[in-house]
Amino acid sequence: MNKTYQVPYGTKDILPGEMKIRRRIEDAIIRVFDMWGYDEVKTPDFEYAELFETAGKSGDFRFFDRCNHLLVLRNDMTAPIARLTATRLQGGEKVKRLCYLANLYRYEEIQEGRQCEFEQAGVEMLGASGAAADAEIIVLAAEAFRAAGLEDFSFSLGHVGFIGGLAEEAGFSDDQIVQIKECLRYYDAVKIQDIATSVNGIKPKIKQLFSEFLFLQGGIELLERVAKVVTSKKCLGALDNLKQIYELVKAYGTADFLRFDLGLNRSLDYYTGMLFEVYLPEMGFPAAGGGRYDKMMDKFGVRCPATGFAIGVERLILSLARQGNVVSSRNWDIFVAWQEGNLKKAIAAAANLREEGHSVKLAAEAMGQKEALEALDENGCATLFYV
């Protein structure tokens, strides 16, 4: 097969009409971020490999520059935003609200909604450590989904502190804690139970929680039930933090979409507090995710609590398409056509119509009126202006 005519594995072309839909969704999301006081930033598509290694991630796509520096196509935006803040944005307001729209690159087994090159829209709030910041992030994510045209979504909210605290209360070793977190990521309930069974002296009620770990899901009553079982300060602190976040999200009037998942453990290792994923009924994997990462900036020599999220733009579009709410749009208002000798008049007419706010296509060559009418549909225009 001739590679000249193919795109690389995991990438795709975005065609006319499709791009118009994408731009509408992108603009709607960024507009919401702006309304909430977030400044848009842009970082390079590739960074030095050390940046992602410092943040606990490696790069799937690596290459060398002419000075033999190892570079990586970015596969996450949190580390670049942390670098940007630590090196360029010290001073000014204490709490920094940043947003972005960026392409990311990860080697994936491709399927609908998963590509090696994909686009994310997201926000990072840096400098705020309380539940108020986490609640703002969660509600803003919901507002972004609504701006994109999606209403039927659910948030699963968990806490890294609960997972770690419960493992410590059970008396697990560091290696077993790592294994438990891996099991949660891959939904391996059997292995979780095996690990809990292998530990001597574990309390029966705590052992029961481990057998239910992947199913510790529900509303605020779940937190109250579990709080009566655990004794670890770390667990109780995490549950209390989740309750605070819930009450604040409720104050925004948007708690109906929120449910708790105490076994939630995302694939990125830098989370330190609450974390969440957003699910849509049309797909079996999260369309967005985020959480608190208070120690990321330490790696850049700056103490700074932070929280944020990222939305997969392709996944929003896929969900809308499966709902039947995406129609490829290549429509303009007016087609200005002209007969031989009237090009300058046509140019002036098109300019006037654009000043009035119309979208206009100008014919590229002279044509008769009948030919112009036939060209109207072909050009996706609603009205003919003929001179």
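User: How many disulfides does the structure hold?

Analyst: A disulfide is a covalent bond between the sulfur atoms of two cysteines. This model is a predicted one, and it holds zero disulfides.

User: Which cysteine has the closest sulfur to that of cysteine 183?

Analyst: That is cysteine 235, and its sulfur is 17 Å away, so the pair is too far apart for a bond. With a relative accessible area of 4%, cysteine 183 counts as buried.

User: What share of the residues in the chain is buried?

Analyst: The chain has 387 residues, and 48% of them are buried. As for the surface, the chain exposes about 19,600 Å², of which carbon and sulfur atoms supply 49%.

User: Which residues have the most contacts inside the largest nonpolar core?

Analyst: A core is read as a set of buried nonpolar residues joined through their side chains. The largest one here has 80 residues, and Phe33, Phe162 and Phe210 have the most contacts inside it. Helix α4, residues 131-147, gives the most to this core, namely eleven residues. A second, separate core has 24 residues, among them Leu84, Tyr100, Leu104 and Phe118.

User: What is phenylalanine 162 in contact with, leaving aside its neighbours within four places in sequence?

Analyst: Its partners include Phe213, Leu216, Val226 and Val230. Cys235, Ala238, Leu239 and Leu262 are in contact with phenylalanine 162 as well.

User: How many helices and strands does the chain have?

Analyst: The secondary structure comes to 13 helices and 15 strands. Among contacts between residues at least 6 apart in sequence, 69% join residues at least 24 apart.

User: Where is glutamine 323, and is it buried or partly exposed?

Analyst: To place a residue, one names the elements on either side. Glutamine 323 is in the loop between α11 (313-322) and β13 (332-337). Because its relative accessibility is 31%, glutamine 323 counts as partly exposed.

User: Which residues does glutamine 323 touch, not counting those up to four places away in sequence?

Analyst: Glutamine 323 touches Leu150 and Glu282. Glutamate 282 is 41 residues from glutamine 323 along the chain, yet their C-alpha atoms are separated by 7.6 Å.

Definitions and conventions:
Residues numbered from 1 in each chain as written. Predicted model: local features only at pLDDT ≥ 70, side-chain atom pairs only at ≥ 80, totals over all residues. Heavy atoms only, no water. Helix = DSSP H or I, 4+ residues; strand = E, 2+ residues; numbered from the N terminus. Buried < 20%, exposed > 50% of the residue type's maximum accessible area, 1.4 Å probe, protein only. Contact = heavy atoms within 4.5 Å. Disulfide = S-S within 2.5 Å. Areas by Shrake-Rupley, 256 points an atom, 1.4 Å probe, with all protein chains shown as cover. Core = buried A, V, L, I, M, F, W, Y, C linked by side-chain atoms within 4.5 Å.
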